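Subject: Structure handover

Dear colleague,

The structure I am handing over is shown below. My notes on what was found in it follow.

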Amino acid sequence: MFDEPEGFFAPDKKPITQYYTRRALRGGCCCDGATEAAVADPNNNNVRTLPIRLVSDHPLYGHLLWNAGISLSDFLESDPAIIRAKSVLELGAGGGLPSIICALEGAKRVVITDYPDEPLLENIRYNVNENIPATFKAACSVEVMGHLWGKAPESLLGPGGEKFDVILLSDLIFNHSCHVSMLETCVACLKPQTGKIIVTYSHHVPRNADKDLMFFTLAKNPPFNFMCEHLWDRVMQPMFPEDSGPVEVRSQVHCYLLTLP
């Protein structure tokens, strides 16, 4: 075998950081593209901008702070009773922003998951350590785990196999081939009757909207039998302005609530 010449492999790209400004600091429910200079006192839970590090050009889309994740985080901050003193599981977490908000807003246990790829998981751990002060970690158990959707969920569950009060899915349903496996993990991990799944998404490719929405069709029917309720819509700048398709479709973030009877 031969030795590759110097420079044969492209150098790894450095991580990028985007900033999420918490509602109390920006005075509203929008993300204004804060800069690093806006970072406030990290010990003050009310006014703080969170730096979210993202892996660069990751094939599993962990390199983006998605509109759906920003909107979900805003929603959780606006109504923290949803997750306060609750156990929370996030699937396909990327940078982990919604989960971090849950920990800061008083959840009792947060399990942050993504594909079992160590660079992705290490990056989530970094964001947890950077953004959740020790005082909050003392009150909220925060765990980062790899998980393949549809596989055995036992490692995710709490003591005695306790299931979750809330499951978060942020911009995942464009993974059309994974709808069934996502729902398998959800139904295996959610507390029946009282548990809630919050799903946020955008139609990034409008011509595939029907395929995106098939997630809810599958969810409502056997063997899953979820009840699906539309909660809200929100208009933002589209994630990919240069893409084709109506901007008024690509710019919207939608939110649904799924529950089990």
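**Contacts and overall make-up**

In the protein chain, 72% of the contacts with a separation of 6 or more are between residues 24 or more positions apart. Please keep in mind that this is a predicted model. The secondary structure of the protein chain amounts to eight helices and nine strands. Of its 261 residues, 49% are buried. The chain exposes about 12500 Å², and carbon and sulfur atoms supply 55% of that area.

**The sheet**

Seven strands make up an open sheet with mixed pairing, and their order is S5-S4-S3-S6-S7-S9-S8. Strand S5 (141–146) and strand S8 (227–235) are the edge strands, each pairing on one side only. From one strand to the next the twist averages 15°. Helix H4 (residues 118–131) packs on the sheet, where it touches strand S4 (109–114) and S5. The direction of H4 makes about 165° with that of S5.

Further along the order, strand S7 (residues 196–201) pairs with strand S9 (residues 252–259) in the antiparallel sense, over five bridges. Within S9, leucine 257 stands opposite isoleucine 198.

Serine 87 lies in strand S3. Is serine 87 buried or exposed? Its relative accessibility is 5%, so serine 87 counts as buried. Beyond its neighbours within four places in sequence, serine 87 is in contact with Lys108, Arg109, Lys163, Phe164, Asp165 and Val166.

**Nonpolar cores**

The largest nonpolar core has 38 residues. Those that touch the most other members are Leu50, Leu76, Val88, Cys102, Val110, Leu168 and Ile198. At least two residues of this core come from each of strand S2 (49–54), helix H2 (67–78), helix H3 (97–104), S4, H4, S6 and S9. H3 gives the largest share, six residues.

Cysteine 102 can be followed through its contacts. Leaving out residues up to four places away in sequence, cysteine 102 touches Leu76, Ile83, Val88, Ala107, Val110 and Leu168.

There is also a second, separate core of 26 residues, with Leu156, Leu157, Tyr201 and Ala219 among them.

**Helix H6 and the cysteines**

Which residues of helix H6 (residues 179–189) are buried? They are His179, Ser181, Met182, Leu183, Thr185, Cys186 and Cys189. The cover over the buried residues of H6 includes strand S3 (87–91), strand S6 (166–170), S7 and helix H7 (209–220).

A disulfide requires the sulfur atoms to be within 2.5 Å. By this rule, the count of disulfides is zero. Cysteine 189 has 0% relative accessibility and therefore counts as buried. Cysteine 255 also counts as buried, because its relative accessibility is 0%.

Regards

Technical notes: Residues are numbered from 1 along each chain as its sequence is written. This is a predicted model: local features need pLDDT of at least 70, side-chain atom pairs count only at pLDDT 80 or more; totals for chains, interfaces and linings use all residues. Side-chain values use heavy atoms; hydrogens and water are left out. Two strands pair if DSSP finds at least two bridges between them. Helices (H or I, at least four residues) and strands (E, at least two) are DSSP runs, numbered from the N terminus. Axes are lines fitted to C-alpha atoms, for helices over the stretch in contact, and angles run from 0 to 180 degrees between N-to-C directions. Contact means heavy atoms within 4.5 Å. Buried means under 20% relative accessible area, exposed over 50%, partly exposed in between (1.4 Å probe, protein chains only). Accessible areas come from the Shrake-Rupley method with a 1.4 Å probe; for residues, only the protein chains shown count as cover. A nonpolar core is a set of buried Ala, Val, Leu, Ile, Met, Phe, Trp, Tyr and Cys residues joined through side-chain atoms within 4.5 Å.
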